[in-house]
Amino acid sequence: MQEIPGDLKFMKSHEWARVEDNGTVTVGISDHAQSLLGDLVYVELPSVGDEVQAGNACAVVESVKAASDVYTPVSGEIVAVNESLADKPETINEDAYGDGWLFVVKASSRDELQELLDPDAYAELVENEEH
């Protein structure tokens, strides 16, 4: 398993969140999630300007095996989406914590981030799933 970056928070459903310097929250799926899904062939992203609610599905990733909803860890407004994924969804497989990000949320409440798992708790969750 890849190293889990220490600056991220995680949902139990395998999304990651990184708070950027400007206060927005970048969201993607974990390396563990992309490895379970296999080769990704399609990504459906929210639209810039969409209002999202923490815990609700707002994107879909599809692999040759299955389609999987992606949930937003924070409520707020979508301010950016990773449009390069439309042509290269496999970027998520190659760089889940970097170029494979999905969308950016301008969070309406940063308190929601406190409910997410830290990297150690997430690593433990993944380990428990594998046994």
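Author: Strands are DSSP runs of at least two residues, numbered from the N terminus. In this predicted model, lysine 65 is found in the loop between S6 and S7. Strand S6 covers 57-63 and strand S7 covers 67-71, and valine 64 also has its place in the loop between them.

Reader: Is lysine 65 buried or exposed?

Author: Exposed means over 50% relative accessible area. Lysine 65 has a relative accessible area of 59%, and therefore it is exposed. Valine 64 counts as exposed because its relative accessibility is 62%.

Reader: Which residues is lysine 65 in contact with, leaving aside its neighbours within four places in sequence?

Author: Contact means heavy atoms within 4.5 Å. By that reading, lysine 65 touches Leu36, Leu37 and Gly38. A polar atom of the lysine 65 side chain lies 3.1 Å from the backbone oxygen of leucine 36.

Reader: What feature does UniProt place at Lys65?

Author: The UniProt record, an unreviewed entry, gives "modified residue: N6-lipoyllysine" at Lys65.

Reader: Which residues make the nonpolar surface patch?

Author: Val41, Tyr42 and Val64 make a nonpolar surface patch of about 300 Å².

Reader: How many salt bridges does a search of the whole structure find?

Author: The search finds one salt bridge. Arginine 18 forms a salt bridge with glutamate 20, and their closest N and O atoms are 3.0 Å apart. Buried means under 20% relative accessible area. Arginine 18, at 17%, is therefore buried, whereas glutamate 20, at 24%, counts as partly exposed.

How values were computed. Residues are numbered from 1 along each chain as its sequence is written. This is a predicted model: local features need pLDDT of at least 70, side-chain atom pairs count only at pLDDT 80 or more; totals for chains, interfaces and linings use all residues. Side-chain values use heavy atoms; hydrogens and water are left out. Patches are made of residues with over 30% relative accessible area and no salt bridge: like charges are joined within 9 Å, nonpolar side chains (Val, Leu, Ile, Met, Phe, Trp, Tyr) within 5 Å. Accessible areas come from the Shrake-Rupley method with a 1.4 Å probe; for residues, only the protein chains shown count as cover. A salt bridge is a side-chain nitrogen of Lys or Arg within 4 Å of a carboxyl oxygen of Asp or Glu. Helices (H or I, at least four residues) and strands (E, at least two) are DSSP runs, numbered from the N terminus. Buried means under 20% relative accessible area, exposed over 50%, partly exposed in between (1.4 Å probe, protein chains only). UniProt positions are given in the numbering used here, feature names are shortened, and annotations may be inferred rather than shown by experiment. A polar contact is a pair of N or O atoms within 3.5 Å; within protein, one must be able to donate a hydrogen and the other to accept it, and residues adjacent in sequence count only if both atoms are side-chain atoms.
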